[in-house]
Amino acid sequence: MLRRSPVVALVLVVVLAGCLGPVFGPESPSTGPDRPSSGTSPSGTTAVASESERDDTPPTDYGADVGGNPWGSEPIVVAVEGPPGRDVVPLVRIAAAYWEANDTRYVGYEVDYEIRPDAADPDVVVRFHDEIEGCERTDHTAGCAPYITSAVQIDRPVTVEIKTGLSDTSAIQVVKHEFGHTLGLGHDDEPQDVMRTGVTLTTLPQPNATERAFPWADGEFTVYVDVDEAPNPDAARGQVTRALNYYQRGAPGMPDNLTFELVDDPDAELVIRYTETSSCSEGPGSCGSSRGPDPDGDGASETYAAFVVTVVGVDTEAVGWHTGYWLASAFGAEADAEKPPPFRNASYRERRGEWWK
């Protein structure tokens with residue numbers, strides 16, 4: 001009787017990173033229009049992998065060659081189904097070579113792989129999928145394989161699933177991990193740099209948020225407004241509301257489907273705050289900062305998860321303009337030339353005028 005082995009999923013968890021945007025210089029009537037000055041801090045991010053399983057308990061001893069090689073004495077023939085336009089066979093070869101070099105040390109028997117990508121009757125098929133199908137899935141499942149300790153669990157061909165889009169280094173890591181499960185290793189087994197439940201994974205290069213026309217998942221935003229430190233908090237809130245309404249009506253060059261919901265939650269997607277002093281500006285001015293996932297590990301967010309506008313010590317009448325300026329950056333207009341007209345080279349007086357009309 002064939003006993004089906006439990007399947008084990010490797011899950012990719014993406015960590016959010018922060019990136020501080022450019023800072024406005026001092027603003028005063030005597031100095032004229034204040035200009036953005038360069039000043040960014042890199043976002044140091046990694047994509048961290050953890051794991052979830054359907055069953056973390058090793059299978060029952062069924063009495064078939066336990067302690068020996070459940071695959072038998074012949075080479076384990078491995079077929080590979082790769083994604084279009086990418087040769088992943090060398091990556092599978094590297095993962096297989098790792099276990100051939102470390103077999104007796106970690107699994108207690110010799111392992112011999114024969115990588116034949118188009119094998120008609122393989123023992124194992126490594127399939128690269130956009131979505132993992134064989135395990136209980138999450139949005140970040142990176143790999144899946146059966147947990148095999150006995151020959152009676154093997155139903156050829158055994159399928160090892162790997163998520164497409166991983167970098168070469170991470171794809172090799174996941175294949176090695178999943179091969180380890182097919183050789184009877186669990187998450188507590190050595191080598192822990194391969195089998196542990198937390199590893200670092202990255203994707204193939206992706207466009208950064210600053211390179212995207214719209215760096216958000218959708219145009220529906222929660223907004224938290226904290227302007228209690230403004231000279232006139234009620235008037236400052238009114239200024240922020242004008243900025244939000246300006247974009248919701250459809251600002252020139254901006255997406256026309258933006259909606260905003262004011263919430264009492266500082267973890268909102270958009271945060272507008274007023275402070276008398278801040279490290280982001282030496283004097284009156286403003287700055288914007290963002291955080292978002294960095295799955296390709298290049299140190300820059302690929303999309304935004306949150307954006308904070310900090311208005312520092314400006315007149316209440318200018319709070320809306322500074323808010324609107326940075327919201328344009330948040331919505332994809334990085335350069336001033338790409339922003340709506342009111343935010344291009346605005347004078348001191350224009351920033352305090354009815355620019356939203």
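Exposed means over 50% relative accessible area, buried under 20%, and partly exposed in between, with a 1.4 Å probe and protein chains only. The model is predicted: local features need pLDDT of at least 70, side-chain atom pairs count only at pLDDT 80 or more, and totals for chains, interfaces and linings use all residues. Residues are numbered from 1 along each chain as its sequence is written, and side-chain values use heavy atoms, with hydrogens and water left out.

**Helix H4**

- In H4, the buried residues are Ala 236, Gln 239, Val 240, Ala 243, Leu 244, Tyr 246 and Tyr 247.
- They cover an arc of only 150 degrees around the axis, so they lie on the same side of H4. The arc is taken from the directions from the helix axis to the C-beta atoms.
- An α-helix has 3.6 residues a turn, so residues three or four places apart point the same way.
- The cover over the buried residues of H4 includes strands S11 (220–226), S12 (259–262) and S13 (270–275), and helix H5 (319–330). Contact means heavy atoms within 4.5 Å.
- H4 has 17 residues (233–249) and should span 24 Å at 1.5 Å a residue; its end C-alpha atoms are 24 Å apart, which agrees. The expected span is 1.5 Å times one less than the number of residues.
- Just after H4, Gly 250 takes a positive phi of about 110 degrees.

- In strand S15 (residues 306–312), 7 of the 7 residues are buried, so the strand is largely enclosed by the rest of the structure.
- Both faces are covered: Ala 306, Val 308, Thr 310 and Val 312 are buried on one side, and Phe 307, Val 309 and Val 311 on the other.
- In a regular strand the side chains alternate between the two faces of the sheet.
- S13 pairs with S15 in the parallel sense over 6 bridges. Thr 275 stands opposite Val 312.
- Strand S14 (residues 285–293) pairs with S15 in the antiparallel sense over 7 bridges. Ser 286 stands opposite Val 311.
- Two strands pair if DSSP finds at least two bridges between them.

**Disulfide**

- The structure holds 1 disulfide, a pair of cysteine sulfur atoms within 2.5 Å.
- Cys 280 and Cys 287 form the disulfide, with their sulfur atoms 2.2 Å apart. Both cysteines are buried.
- The torsion about the S-S bond of Cys 280 and Cys 287 is about -85 degrees, so the disulfide is left-handed.

**Nonpolar cores**

- The largest nonpolar core has 40 residues, and Trp 99, Tyr 113 and Phe 179 touch the most other members. Such a core is a set of buried Ala, Val, Leu, Ile, Met, Phe, Trp, Tyr and Cys residues joined through side-chain atoms within 4.5 Å.
- The largest share of this core, 8 residues, comes from H1.
- Not counting residues up to four places away in sequence, Trp 99 touches residues including Tyr 113, Phe 179, Leu 183 and Met 195.
- A second, separate core of 38 residues includes Leu 258, Leu 270, Ala 333 and Trp 356.

**Whole chain**

- The protein chain has 6 helices and 15 strands. Helices (H or I, at least four residues) and strands (E, at least two) are DSSP runs, numbered from the N terminus.
- Of its 357 residues, 50% count as buried.
- Among contacts between residues at least 6 apart in sequence, 77% join residues at least 24 apart.
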